[in-house]
Amino acid sequence: MAPVNIQNVQKRFGAIKVIHDISVEIADGEFVVLVGPSGCGKSTLLRMIAGLEEVSDGEIRIGAREVSNLPARDRNIAMVFQNYALYPHMTVADNMGFALKLKKVDPSDTAGRVGKAAAILGLEKLLDRYPRQLSGGQRQRVAMGRALVRDPQVFLFDEPLSNLDAKLRVQMRGEIKAMHQRIGTTTIYVTHDQIEAMTMADKIVVMHDGLVEQIGTPLDLYDRPVNLFVAGFIGSPAMNLIDGHVEEGVFRSSAGLSLPLPDGVSTSDIGGRDLVYGIRPEHIRAGGDGMQGKVDIAEGTGSEIYARIDCAGQPVSCLFRDRLNIRHGDNIVITVDRSSVHLFDKATGKRL
């Protein structure tokens, strides 16, 4: 295990800069997720940590060593890719132990490491099978086992669950997190799925257009997004973001909807400014003395109901935990939890 220190790292392809002066400190044993939309630079940053891409500027340290110019084989890392990349003619045991065989590790030591990794990942009964005889989730566990037997200082995961169906993704992300909790190796995990990030990470790095937008724990990002991008990206369903301004002690949207301000806001500081009002769907409840609206969409899942409500021409997404009997076209009253309201400066995008 080892900490990873990324300092002022940049990446250019010719004249095009794709990573802009990124600095991230990852503690020993921490599970850090790099998350962001496609093209934000998260996989490029991971590949630079792995030694698969050159660093244009800045430095990367793994433990006490500066590794920016070291080849991948000398960095003592192990990487799990989206593509399982298993050798079809080798058994599970041979696939997992192949890297050790190339290093001429003693066969008995290799067998011991493979057996230990197989026990951690629940692969003991599959060691004699070939990849074609395995399910997608089993193949992914073999790819993880191949990394695990190397006993690296750092694990790197590059969107390893993208090829799996929804149910298997949920199962596998639990297994990856459980594996990390058992062995405690520093882990850097790339995904575009913010649900994976929220459920797995000790710390999340939100990236956008080659920049770090915010670094923090999942609850930090959920409760205190620093700007509009993080607010809209973190959370499912996405936060309601409504343009408007403060007028006569309330927030008035461009559509004319009146919304309550959060407690403690000084209207003298923000009056007249163009603002964005943020409220998460789960922080809106049915009933109370709130806003009148008409149900546009209602989707029940059993445990909750997602609804889109038309309030004076302003669509508002809601997530109700109560069993409500609502359908398209119904009239409804909804009330905002003012303690969960966020206000953003529209010009800068920053949270007030």
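Guide: P237 is found in the loop that runs between α8 (228-233) and β11 (240-247); helices here are DSSP runs of H or I with at least four residues, strands are E runs of at least two, and both are numbered from the N terminus. The peptide bond joining S236 to P237 is cis, with omega at about 0°. Most peptide bonds are trans, and most residues other than glycine have a negative phi. D21 has a positive phi, near 50°, and is not a glycine; this residue is found in strand β2 (residues 16-26).

This is a predicted model, in which local features need pLDDT of at least 70 and side-chain atom pairs count only at pLDDT 80 or more, while totals for chains, interfaces and linings use all residues. Residues are numbered from 1 along each chain as its sequence is written, and side-chain values use heavy atoms, leaving out hydrogens and water.

Now to the domains. An automatic or database assignment sets the bounds, dividing the chain into domain 1 (4-232) and domain 2 (238-345). Their C-alpha centres are 38 Å apart. Where the two touch, 8 residues of domain 1 are in contact (heavy atoms within 4.5 Å) with 9 residues of domain 2. Together they bury about 710 Å², and carbon and sulfur atoms give 62% of that; buried area is the accessible area, with a 1.4 Å probe, that two parts lose on being put together, summed over both. On the domain 1 side, Y222, L228 and A231 supply 69% of the area buried against domain 2, more than any other three residues.

Finally, helices α2 (residues 92-102) and α4 (residues 136-148) have axes that come within 7 Å and cross at roughly 35°; axes are lines fitted to C-alpha atoms over the stretch in contact, with angles from 0 to 180 degrees between N-to-C directions. Here V92, N95 and M96 of α2 meet V142, G145 and R146 of α4.
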